Amino acid sequence: MVKEVKESGTAWTLSWKVYILAMEIYQLPGDEDSGLTCRTYVIQNETHTLGNALKCIVDRYDDVQFCGYTLPHPAESKIHFRIQTHDTPALEVLKRGLKDLQRLCDHTLNLFEREVKEFNKT
């Protein structure tokens, strides 16, 4: 659960960081035989919002052969996120993707807040 904390109108930044740290991710059983470079991860309590954003980030990495996600069933709140790479372990790519997505969201939020302050001055 995300605890929203307000600090001079910037509640989203803190709650986003807490949210990333509290994600429940585990490896889909049965992937052990395909090597460290091919893995499917189950991310609980997520939908297309995270799946598509993370896919767009990870898919741009040079070492990634394939990246995709599915929602196994509309009634379930989880995604299956698949990563296949040439050499890099898939878990390292997933961690990097989550960190890059967090930085992108932080940058977007900071830019938005700066522009709102600038707008309110006028």
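I began with the helix contact. Leu 50, Ala 53, Leu 54, Ile 57 and Val 58 of helix 2 touch Val 93, Leu 94, Gly 97, Leu 98, Asp 100, Leu 101 and Leu 104 of helix 3. Contact here means heavy atoms within 4.5 Å. I sorted the residues of this helix 2 and helix 3 contact and got 10 nonpolar, 1 polar and 1 charged. For that sorting, Ala, Val, Leu, Ile, Met, Phe, Trp, Tyr, Cys and Pro count as nonpolar, Asp, Glu, Lys and Arg as charged, and the others, Gly among them, as polar.

Housekeeping before I go on: this is a predicted model, where local features need pLDDT of at least 70 and side-chain atom pairs count only at pLDDT 80 or more, while totals for chains, interfaces and linings use all residues. Residues are numbered from 1 along each chain as its sequence is written, and side-chain values use heavy atoms, with hydrogens and water left out. Helices (H or I, at least four residues) and strands (E, at least two) are DSSP runs, numbered from the N terminus.

Next, the geometry. Helix 2 (residues 48-58) and helix 3 (residues 90-121) pack at about 105 degrees, and their axes are 9 Å apart. Axes are lines fitted to C-alpha atoms, for helices over the stretch in contact, and angles run from 0 to 180 degrees between N-to-C directions. I therefore noted helix 2 and helix 3 as roughly perpendicular (under 35 degrees is roughly parallel, over 145 roughly antiparallel, 65 to 115 roughly perpendicular and the rest oblique). I also saw helix 2 lying across strand 2, strand 3 and strand 4, at about 175 degrees to strand 3.

I found an open sheet of 4 strands in the order 1-2-4-3, with antiparallel pairing. Strand 1 and strand 3 (64-70) are at the edges with a single partner strand each, so one side of each has no neighbour in the sheet. On average, neighbouring strands of this sheet are turned by 20 degrees against each other, direction ignored.

I went through the pairs (two strands pair if DSSP finds at least two bridges between them). Strand 1 (residues 25-27) pairs with strand 2 over 3 bridges, and Ile 25 sits opposite Ile 43 in strand 2. Strand 2 is joined to strand 4 (residues 78-85) by 7 bridges, with Cys 38 opposite Gln 84 in strand 4. Strand 3 and strand 4 share 6 bridges, and Cys 67 faces Ile 83 in strand 4.

How many residues of strand 2 are buried? I got 7 of the 7 (residues 38-44), so strand 2 is largely enclosed by the rest of the structure. Buried means under 20% relative accessible area, exposed over 50%, partly exposed in between (1.4 Å probe, protein chains only). Cys 38, Thr 40, Val 42 and Gln 44 point one way, Arg 39, Tyr 41 and Ile 43 the other.

Last, charges. I searched the whole structure and found 5 salt bridges, each a side-chain nitrogen of Lys or Arg within 4 Å of a carboxyl oxygen of Asp or Glu. One of them joins Glu 76 and Lys 78, at 3.9 Å between the closest N and O atoms; Glu 76 is partly exposed at 35%, while Lys 78 is buried at 18%. Asp 100 and Arg 96 meet at 3.8 Å, N to O, and are 4 residues apart in helix 3, about one helical turn. Salt bridges with shared partners link Arg 96, Asp 100 and Arg 103 in one network.
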